[in-house]
Each structure stands twice: as structure tokens, then as C-alpha cells.
Amino acid sequence: MKKKARKKTDNKLAAVLLFPSIALILLLVAYPMVSNFQISFFEQSINPNIDPTFIGFENYTAILTDAEFLKSLGITFLYTFLTVVGSTIVGLAVAIFFNRPFMFRKISRALIIASYVAPTISLVFAWKYMFNNNYGIINYLTVDVLHLFDQAPLWFDRPTSSFILVVLFAIWRYFPYAFISFLAILQTIDNTLYEAAEIDGASAWQKFKVVTLPAIMPVLIIVATLRAIWQFYTFEDVFLLTNQVNTLGIYLYQTAFAFNDLGKAASISVILFLILFAVILITRKRVNANGNG
Amino acid sequence: MQMAMASSKKDRTTRKILFYIGLAFVLAGSLFPFFIMFMTSVKSTSEAIAQTPTLLPKIWTIDHYADIFNPELFPYVTYFINSMVVSLIVAVISVAFSIFGAYAMSKLKFFGRTTINSSFYVVYMFSGLLLIVPLFKIISSLGLYNTKTALTIALIVQTLPAAIFMLKSYFDTIPADIEEAAMIDGLNRVQIIFYIIMPLSISGIISVFVYAFMIAWNDFLFASVFLSSSENFTLPIGLNALFSTPDYVWGRMMAASIVTALPVIIMYGISERFIKGGAVEGGVKG
């Protein structure tokens, strides 16, 4: 009887405490999701005075047969794969490097995070200047000093070199995220495990494989999954750097706000939703089990 | 025996030196763009576009900083104030809502808890981009297009799930005994939140504040879709608009970039001291 009464008060209090968060999420996430689904069946422009026309699945067939979309999908998968692998490996390597006591450890750790927390716009300006075709320091170093290239690559104006540029940018910008997560878990590994492996004559690589990797596995899965999702929907990093790499985020944004076709943009969103949900279904159990939500 | 000890000591010194050289390389690679940003901001305009780039300026100048704060040349100060107002409001409201939400998720047993938890998790993985079309329509139909209110509300929603998860992980570490003792002393749940939970998780609250501020301060997508007139622009879209016009000057842009990046970098630097381990930062979205 007493227990029941206690439960009741919890329900009420929880409802009050969670109300602002849930109301906002319902209004600005759940409702838009439904609305988005609805819009995807209409031909609709940005101008609110032009009435939408119902066109069934036409937006979907238009997208799925659009060579530009399929190309964009391929580019996005490749971009996601390379940036996730790159930023995770660099982050892990730097974390292992940092996993020991040394002078300036705290300040070094804080400095490494700078690229991750600074606004994209500032970082993009710096990169645009560094990689400038005429007077950028990168072309000066790679062409005039190190002679890596015969001619300065036009970093912002060619699809391939621009793709390399946005991948490098993302690895540089996001490796600190992996770095922080790995450093935290590395500090929890018991040193005696390494000592035991050493007595057994294990090499550095074997120690990594037998001791480090199993210990960091849960974090590795979370880091790679979340990074993959965020990279898959990447928008401003690429959008602000170059107009030569058409990721899905940019394809969606331009369909809506440059080509003025909200219906088609909404159906691109729906397709992306489906991909996201597939990923969540596959990963949720594992990530949840590791206490990240 | 002594020989062996001497050589192992020498070994250690060598390894130490190699380590610090490696550290210098890692930091240099990571910070190089910031270095270029700063050096260009204190170079003359002609030196910034010289055929042979220089690392350090031949003549140091702070003109570019004076320029960006000159309202006749640049609306930089307007953008800065807009960004500051939006980001502070987002951070304060996010902190308030997430304290309540995280307390419920961490300490209360209630109907639908698991469902709500997984919905927050799904929203956390969401990107604003996926909802940009319906959000644009909703904002327009509410008459909020081109207002900072629209931007602020959208950004609060963006930060809430991660903010709740971050605080929940702090609240989870507070033992139930403390609360039970407080209840025996006659405090109700709301008083417990204010007098027990909040003081005990002040470092978590600071990191949520910094996180929400950063998401709002750095946002480009929502601002570019919801705002249309220059007097409402925040820094990211304002600077992007300035850069698209042909009369940009590298020194000014770099000065603007530095001043734009400083608030979040300083806030992170300060909050570092409060954050334990790093598990919380690991949950930061971006």
C-alpha cells in the first residue's frame, strides 16, 4: 500500500520535471518527423503562397533514379568510412601516446581539443587560406619546398583534390573526440596486465592486441558508431570548404533551399531517416549495454 | 650491475627526449591552423598574399583587430552580440531543463521511463539537417521566420538530449543514502534538487552549460535557414556572408576567426578544471 502511494508521486513529479524537455521534443522533433513524411508526397515550393500538390511517390522515384543522388550516396559512404577510420585511428594513437604521466599533460590535452570545439567557420577560413591556390602555405611547402607535386593541386576546385581536402579536414577536426574517449578508458586499464604480458614475452603489438584492444572495445564501438552517424549527415564542414563535394547533406540542403523543392528535399530526409533507423536498430543494444544512454 | 643501471637510465632519458619531440609534433600538427590564423591576423595585407609565405610577420600590426570592431567597416560587433545573446539563452535554458529531466531519469521510477530514455537516445543521434524542411515550414507558419527566437528554440531542442544524458551520469553517482537522509530531515524532492543534487554536481552543470553554449555558438545550419537579414545574423553566417563578398581581407577574416573561436576555447579551458576523467566530454555531440 505504502509502496503504491510512493510510486504515484514519482509518476506525477517525473511528468512535471520532464514536461519542458518532452514538450519541446514532441513539438520540434516528433511533429516535424510526421510533417516531413507528409511533405514528401507533395510538390511544394518554399513560397507559402503556392499551394502544394499531391503527387504520390513521384519525389521518391525522381530521387532514386537521379544519378546525382546515387553519386552523392557513394561519395557520402566513402567520406564517412574514411573520416571515421582516420579520426578513430589518429585519436587512439594520440591517446595511447598520452597515456602516461608527463609534464604539460593537462595543458597539452586541452590544446588538442581546440580543433574540436572551435566553430567550423573559423577553422574553414584558416584552411581556405592555408590551401589557397596562389599564396597558401600548403602549396608552397608541397610544391616549392618538398616537390611532392609538379603543379599546385587546386584544392577547392577539383572533385578529387577537394574530396581529399574535406577528408583531411574532418580527420583533423574530429580525432580529438576519439582521443578524449580513448584516453579516459585507457586510464582504467590495470597496469599489471601489461606487466604480465611483458613477462610472457609479448611484443608491443601483442600487448595492444591482447590487453588494450579488448579493454577499449566498448568505447571503440560507441565512438565509431556515433562518429559514423554524424559524418554521414555532414553538412557545414563540407559546404563551407568547397562546392566540389556533394555529400547527401549538401544534396538535401540545395534541393530545398537552392532548387526550391521542399517536397523532394523531404523525401530525401525520409530516405536518410530509414538509413539512420537501420543503424540504430543494429547498434542500440550494444551501445545501451555500455551505459551511454 | 652498475653499468646496466647506468645504461637503463640513459635509455630512459633518450626515450623521454623522443617522447617530448613526438609530443611537439602532435601539438604542432593539431594547432598549425590556429598558428596560421593568428600570424595572418597580425600581418599586413600585402604580406598575407605574398608569393613566398612567411611564418612570422615582418611587421606586426593590430589594424585588422581594430577594423573588425569598427562598425562602419564591419557589422562584426552586431553578429557577436547576436551570437552571445542566443548562446547564453540556449545554455541557461538547456541547463535548467536538463537538471529537471536528468533528475527524473536518474532518481525516479515512473511509467514509460525506458521508452523516454530510448527516444532521447534517438533524438541525440539525430541531425538537425534531417528535420530542416519541416522545421523551416513550422517556423514560417508560426511567423517566427527571421527571428532569433526561432533559432534559440531550435537550438535548445538540439542540445537537450545530450545535456540530459550528461547530467544523468553525474546524478547516478550520487548515493541514494544522501537523499534519504535529506528526506528524513524534511526536505521534499524539489528542495533536494536545489539543495543537495545541484551543489553536488556543479562540475556536471558547468560542462552542460559549456556544451550547450558551444552548440549554439557554432551553429551554422539553423541560422542559415532561419535568419535572413543581416541585423539578426549570428557570427557563423555573418562571417560566411562577408567572405562571399569580393572585398574580403585575409587579415580581417583571420582576426574575426580568432575572436569568434575564443569564447568557446576559453570556456573549455576553464571547464577542463571541473571535468573529471573525460567520460562526460566523450558524450558531447558534434
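Let me open with a question: why does K207(A) count as buried? Because its relative accessibility is 18%, and buried here means under 20% relative accessible area, with exposed over 50% and partly exposed in between (1.4 Å probe, protein chains only). K207(A) also has a partner: its side chain meets that of E198(A) in a salt bridge, 3.0 Å from N to O.

Quick housekeeping before we go on. This is a predicted model, where local features need pLDDT of at least 70 and side-chain atom pairs count only at pLDDT 80 or more, while totals for chains, interfaces and linings use all residues. Residues are numbered from 1 along each chain as its sequence is written, chains are lettered from A and ligands numbered from 1 in the order in which they are written, and side-chain values use heavy atoms, with hydrogens and water left out.

Okay, salt bridges. The rule is a side-chain nitrogen of Lys or Arg within 4 Å of a carboxyl oxygen of Asp or Glu, and over all chains the count comes to six. One of them pairs D237(A) with R173(A), at 3.6 Å from N to O. D237(A) sits in helix α11 (residues 236-241) of chain A and R173(A) in helix α8 (residues 159-186) of chain A, so this pair ties together parts 64 residues apart in sequence. Helices, by the way, are DSSP runs (H or I, at least four residues; strands are E, at least two), numbered from the N terminus. Both D237(A) and R173(A) are buried.

Over in chain B, D67(B) and R252(B) make a salt bridge at 3.2 Å, N to O. D67(B) belongs to helix α3 of chain B and R252(B) to helix α13 (residues 250-272) of chain B, so the parts being tied are 185 residues apart in sequence. R252(B) counts as buried because its relative accessibility is 17%. There's also a network: salt bridges with shared partners join D10(A), E179(B) and R189(B).

That takes us to the interface between the chains. How many salt bridges does the rule find across the interface of chain A and chain B? One. R189(B) forms a salt bridge with D10(A), with the closest N and O atoms 3.7 Å apart.

In contact terms (heavy atoms within 4.5 Å), 93 residues of chain A touch 92 residues of chain B. The buried area is about 8,300 Å², with carbon and sulfur atoms giving 76%; that's the accessible area (1.4 Å probe) two parts lose on being put together, summed over both. F125(A), Y129(A) and Y135(A) supply 9% of what chain A buries against chain B, more than any other three residues.

M37(B), H64(B) and Y65(B) supply 55% of the area domain 1 buries against domain 2, more than any other three residues. Across that interface the rule finds zero salt bridges.
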